[in-house]
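Biologist: I would like to learn how to read a protein model. Could we go through one step by step?

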Amino acid sequence: SGANQTPSVSNYTKYTISGINITNNFGDIAINLNTGILYAWTNQGAGGNFYSLNVNGDPSNTYSLIRSSSNVGLQIAFNNDCSVLYGQDFVNGKVYQINTANGNLTDLNFTIGISGPSGVGLRDLSGCRLVSRFTPPP
């Protein structure tokens with residue numbers, strides 16, 4: 001415990017996912033904490049493909065390509081209750097709402113304007129969710 005502790009993982013499970021060709025460069029991943037579904041969007045150079053994978057238990061053979069060849073690479077994150085998946089193109093900074101069923105994008109008419117070596121968008125997004133924790137009294 002303590003503010004200066006380095007986070008670590010004591011164990012992990014590695015799965016082989018049948019049928020997926022991981023030659024894609026992923027832009028980002030986001031996990032819906034309510035369903036255990038991991039969503040992944042590849043970068044633009046890899047076609048802008050949108051995948052899902054059930055990581056609630058053994059994810060073998062549960063990979064799905066939802067949308068291919070969107071020609072946009074996105075950083076993705078859920079809102080606090082995982083009801084909306086957002087995407088941001090780090091090349092041009094445009095922000096979208098992503099339909100998780102079909103990968104369709106709704107342009108939110110909002111652009112993040114931070115100049116950088118790869119464009120004007122952010123390199124990564126992060127979802128947020130408040131989690132209740134019991135803290136024992138002193």
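Modeller: We can begin with one residue. This is a predicted model, and in it Ile31 has a relative accessible area of 37%. Partly exposed covers the range between buried, under 20%, and exposed, over 50%, so Ile31 counts as partly exposed.

Biologist: Where is the place of Ile31?

Modeller: Ile31 lies in strand E1, which covers residues 26-32.

Biologist: Which residues form a nonpolar patch with Ile31 on the surface?

Modeller: A patch takes residues with over 30% relative accessible area, and nonpolar side chains are joined within 5 Å. Here Leu33 and Val55 make up the patch together with Ile31, and about 240 Å² of accessible area belongs to the three together.

Biologist: How many aromatic pairs does a search of the whole structure find?

Modeller: Two rings pair if their centres lie within 6.5 Å. The search finds 3 such pairs. One of them joins Trp41 and Phe50, with 4.9 Å from centre to centre and 35° between the planes, and this pair is tilted.

Biologist: Are Trp41 and Phe50 buried or exposed?

Modeller: Both Trp41 and Phe50 are buried. They also belong to a cluster, in which ring pairs link them with Tyr39 and Phe78.

Biologist: What about the protein overall?

Modeller: The protein has 8 strands and 0 helices. Of its 138 residues, 33% count as buried. The accessible surface comes to about 9000 Å², and carbon and sulfur atoms hold 49% of that.

Biologist: Which contacts join residues at least 24 apart?

Modeller: Take the contacts between residues at least 6 apart in sequence: 43% of these join residues at least 24 apart.

Notes:
Residues are numbered from 1 along each chain as its sequence is written. This is a predicted model: local features need pLDDT of at least 70, side-chain atom pairs count only at pLDDT 80 or more; totals for chains, interfaces and linings use all residues. Side-chain values use heavy atoms; hydrogens and water are left out. Patches are made of residues with over 30% relative accessible area and no salt bridge: like charges are joined within 9 Å, nonpolar side chains (Val, Leu, Ile, Met, Phe, Trp, Tyr) within 5 Å. Accessible areas come from the Shrake-Rupley method with a 1.4 Å probe; for residues, only the protein chains shown count as cover. A salt bridge is a side-chain nitrogen of Lys or Arg within 4 Å of a carboxyl oxygen of Asp or Glu. Helices (H or I, at least four residues) and strands (E, at least two) are DSSP runs, numbered from the N terminus. Buried means under 20% relative accessible area, exposed over 50%, partly exposed in between (1.4 Å probe, protein chains only). Rings of Phe, Tyr and Trp (its six-membered ring) pair if their centres lie within 6.5 Å; planes under 30 degrees apart count as stacked, over 60 as edge-to-face and the rest as tilted. Contact means heavy atoms within 4.5 Å.
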